Structures are given as C-alpha cells and as structure tokens.
Amino acid sequence: MTLTPNLLAIASLVLLALGLLVGAGALVAAELRRTRSGQAIGRAIRQAAAMPDLKSAVEAPADPDAPFKPELDLPFHWLDSRIGRALVADEDRNLIDQCGLPSKRAQLVFLVARVSLAFLLPLLAYLFWSGGHTRSTVTIVLAAAAAIGFMAPKWVLGRIAAGRRERAARELPLFVDLLRLLQGVGLSLDQSLQIMATDFSHVLRVLGYELGIANAQYSQGRTREHSLHRLATLHKNENMRGLVSLLVQVDRHGGAVQEPLRVFSDRLRESRRSELKERIGKITVKMTGVMVTTLLPALVIVTAGPGFIAIFRSLGGIIK
C-alpha cells in the first residue's frame, strides 16, 4: 500500500489519539488509587470514631438523622504539579482572581478548557478544512488552531478582567464618598467597611465583593494591612493603592479620617475630570477623520455640485 500524505496525517492523528488515551488512562488509574486510599482513611476514621471510649469524649455528637453530604472530590492536586504550573501560570491565576473567581475550581476549569481547546480545534480544522489543501498549508493551519485554542481562554479572561478593572475604577469615587459618609455619622472604620461590604454590595459590585473577602480575612485574624493587600494590588489602580494605604495608616495610628478622605475625594475627582478631558480630546481627533471621509464628500457635492453641472453644460454646448 502506498503511503500518501493524507494516510500519514491520519496515522499520526491515530497515534496521537492513542497516546492521549494512554495518558488519560494513567491519570484515571492514579486518581482511582488516590480515591481508594482516601476512602480507606475515611473508613478508618469512622471506625475509630465509633469506639465507645471515643464516643464518650465527644461533647456534641453529630445528628444521626442528618443527611451525609460528601464534598465533590476534584483533582485539585493537578494544579500544583509541574504541568499544572506550566499550563496555569501565576499570570493566569491572577487573571482568574481579577475576574472574581478566586477558587481552585475555576483554575481547574481553565486548565481543562485550555487543554481541550488546544486539541479540539486542530481536530475540527483537520476534519472539515484539510481536504484539497497541501500538506504544508494543513500543518500551518493545524498549528495555528492549536495555538488559538491554547490562548483563547486566557484572551477571554483578559477581556473580563479588563472590564472589572474599569468598573472598579468607576466605583472608587462612590466608595470614598460612602466611607466618608459612614465615618461622619460616628461609625468606626471596621463597622464602616463591614456595612459597605454587606449593605452596599448591590451598588459596589466589584469593590464590595473584594471588601467582603478582606473583611473575612480580617475576622480570621489577619491584620488590616494584609487583608486589604488584595484590594490594593489586584486591579492595578494607583488611586486604590493610595486609599488602602490611607486606611491602613488610620487603622494603625488612629485619628480622624474624614478630612483625608475629603482631600482624597477632591483629588480623585480632579483626576477623573482630567481623564475625561483627555478622552474627549482623543474622540475629537478620531471624529475629524470620520468627518473628512464621510461628511466632506457630501458637503462638496451639495455646495459645488451646481457649479460643476453648469461647467459641464457649457463645455457640452461649446463642443456642439
């Protein structure tokens, strides 16, 4: 049988599929072994808890009629492996946090989506597009499809993270005004931040969510500086970093915070005003090109059209 380029490509895809199946089988076997060991440890713990001498030591025994709800055991340990660190780098994990998904479940979904698209898009391109094209063209297209499939989840996360950064920047003036208002009615800094995270989360959707995480970390024993570090550095906003620095200094040294917040709010509004002026200037420059390409031809036709028509008629009369 003669080996044509198409047969060689099909054979390579079959071998690749077999290799993936073998790798998947090895991963499934390792996961099954890990599950069995976990079940064995769980049985041993339950047997030890069922001993009479341990039962007497338990102060508040569990309700036997309560339904048992096992947690979903996902292979989160893949994220800490060398391959997981390579496929889901620190930059990707930071993007996931910026998107408001600071859980390992989202990182695992990102890992699976990246690997699946990197293999699925080349397969679809080969099945529906490779017919009638040269081998070099097919190879380039398959490589481009694999690269697009590998990078597509990161591009989507980048767009979502950019939108959340813009919303956080728009919510910052309202955040400062609400904090200043709550401080003005006599609440402490902790009470103000707690109320803003719970009662104003429908207004401060991004900052309220991040503030809720900071309050939870503070209630678990972290310092105010450590709990607000995520809020200061996650969205890459200098004004946010300055506000967090101000709150940390007030929490550490005490003192009135209304006047610094008023000065900070005025400075923030001036910054926003200058930014809007810069955007308006850019829009004016962009609209100049649009007006030249669309409005100027119509204006020339309306104003100079009758003159050109008269010139053409006089030239036609001379020729006759």
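Modeller: A patch is made of residues with over 30% relative accessible area and no salt bridge, where like charges are joined within 9 Å and nonpolar side chains (Val, Leu, Ile, Met, Phe, Trp, Tyr) within 5 Å. A salt bridge is a side-chain nitrogen of Lys or Arg within 4 Å of a carboxyl oxygen of Asp or Glu. Accessible areas come from the Shrake-Rupley method with a 1.4 Å probe, and for residues only the protein chains shown count as cover. This is a predicted model, in which local features need pLDDT of at least 70 and side-chain atom pairs count only at pLDDT 80 or more, while totals for chains, interfaces and linings use all residues. Residues are numbered from 1 along each chain as its sequence is written, and side-chain values use heavy atoms, leaving out hydrogens and water.

Colleague: Which residues make the nonpolar surface patch?

Modeller: L120, L121, L123, L124, L127, F128, I148 and W155 make a patch of about 800 Å². Helices α5 (104–129) and α6 each give two or more residues to this patch, and α5 gives the most, with six. Helices here are DSSP runs (H or I, at least four residues), numbered from the N terminus.

Colleague: Is L127 buried or exposed?

Modeller: Buried means under 20% relative accessible area, exposed over 50%, and partly exposed in between (1.4 Å probe, protein chains only). L127, in helix α5, has a relative accessible area of 55% and is therefore exposed.

Colleague: Where do the buried residues of α7 fall, seen down the helix axis?

Modeller: The arc is that of the directions from the helix axis to the C-beta atoms. In α7 (residues 189–199), the buried residues are L189, S192, L193, M196 and A197. They fall within an arc of 125°, so they line one face of the helix. These buried residues pack against α6 (135–184), α8 (205–219), α9 (224–227) and α11 (238–253), contact being heavy atoms within 4.5 Å.

Colleague: What does the side chain of R164 lie close to, in terms of polar atoms?

Modeller: A polar contact is a pair of N or O atoms within 3.5 Å; within protein, one must be able to donate a hydrogen and the other to accept it, and residues adjacent in sequence count only if both atoms are side-chain atoms. R164 belongs to helix α6 and, at 10% relative accessibility, counts as buried. A polar atom of its side chain lies 2.7 Å from the backbone oxygen of Q98. Among the residues that R164 touches are C99, Y209 and H235.

Terms used:
Lists of a residue's contacts leave out its neighbours within four places in sequence.
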